[in-house]
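Hi,

Here is the structure I promised to pass on. My notes on its pockets and ligand follow below.

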Amino acid sequence: MSIQVYGFWRSIASFRVRVALKLKGLPFDETPIDILSGEQFKPGYEAINAERVVPTFIHDGHSIFQSLAIIEYLDEIQPEPRLLPRELKERAYARSLALMTVADAHPLVVPRVRNHLAKALGADAKVIAEWGKHWTTEGLATYERLLAQRIPAPFALGAEPGLADFCIAGQVVGAHFLKLEMSAFPAVARLADSCFAIPAFATSHPFEQPGFKTAVAH
Ligand SMILES: N[C@@H](CCC(=O)N[C@@H](CS)C(=O)NCC(=O)O)C(=O)O
């Protein structure tokens, strides 16, 4: 089986897919698309991903986009270890937790939104940083309320990490980018600590990617 991922070190959606692949033990090659410099808009990449975002996942030449679709596909081609529970209500809960990030919180802070704030609305770096902090904090606060209703044990759905945890940990990665204080979100912080104690999560963190190391060196 050949797996190629177009991703980027700073991409939280790429982080989600990286963790899933590593937990499954599936080897993959990651090709970086620099979404900060605008590489996603080049015609070569647009032909691969018409939405002009990362990640794109290529399995034996077949292309899939959207991290949630990719992760569900991985569970279908290789069911163990399971990333989504089999039981229907649990499965719906896992998807609900995941979509809170994928559909609601994360899209507000991606480069195309930050760039539009700057170019169309004249927002400066300080305003854009405030915007990012506000929406990332809102996402963390929502997860904190959700996790108070069902205490992680230690992961969102129980003893094993899965889709919901990739998304919650990704929201915490956003907090790491912005150097946000986590003390107001103790349940989220505990869950993230359990996640990042696992090599699949720790080695997928943006700060552990070669692209980050190159970016800070310059
Ligand atoms: N919902 C998509 C999100 C894709 C997305 O927005 N990716 C970001 C990086 S995390 C991106 O490529 N942004 C490029 C841009 O905003 O121009 C997923 O989960 O795959």
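The lining of the largest pocket has 18 nonpolar, 11 polar and six charged residues (Ala, Val, Leu, Ile, Met, Phe, Trp, Tyr, Cys and Pro count as nonpolar, Asp, Glu, Lys and Arg as charged, and the others, Gly among them, as polar). This is a predicted model, where local features need pLDDT of at least 70 and side-chain atom pairs pLDDT 80 or more, while totals for chains, interfaces and linings use all residues. Residues are numbered from 1 along each chain as its sequence is written, and side-chain values use heavy atoms, with hydrogens and water left out.

A pocket here is an open set of points on a 1 Å grid over the protein atoms alone, where a 1.4 Å probe fits, with protein on both sides within 12 Å along at least five of seven lines; lining residues have an atom within 4 Å of a point. Of the 35 residues lining the largest pocket, Ile-12, His-106, Val-109, Val-110 and Pro-111 lie nearest its centre.

The ligand sits in that largest pocket (more than half of its atoms lie within 2 Å of the pocket's grid points). Around the ligand are 17 residues, each with a heavy atom within 4 Å of it. By class, this shell has 10 nonpolar, five polar and two charged residues.

Now the polar contacts (pairs of N or O atoms within 3.5 Å). For Arg-112, a polar backbone atom is 2.8 Å from a ligand oxygen.

Best wishes

Methods
A polar contact is a pair of N or O atoms within 3.5 Å; within protein, one must be able to donate a hydrogen and the other to accept it, and residues adjacent in sequence count only if both atoms are side-chain atoms.
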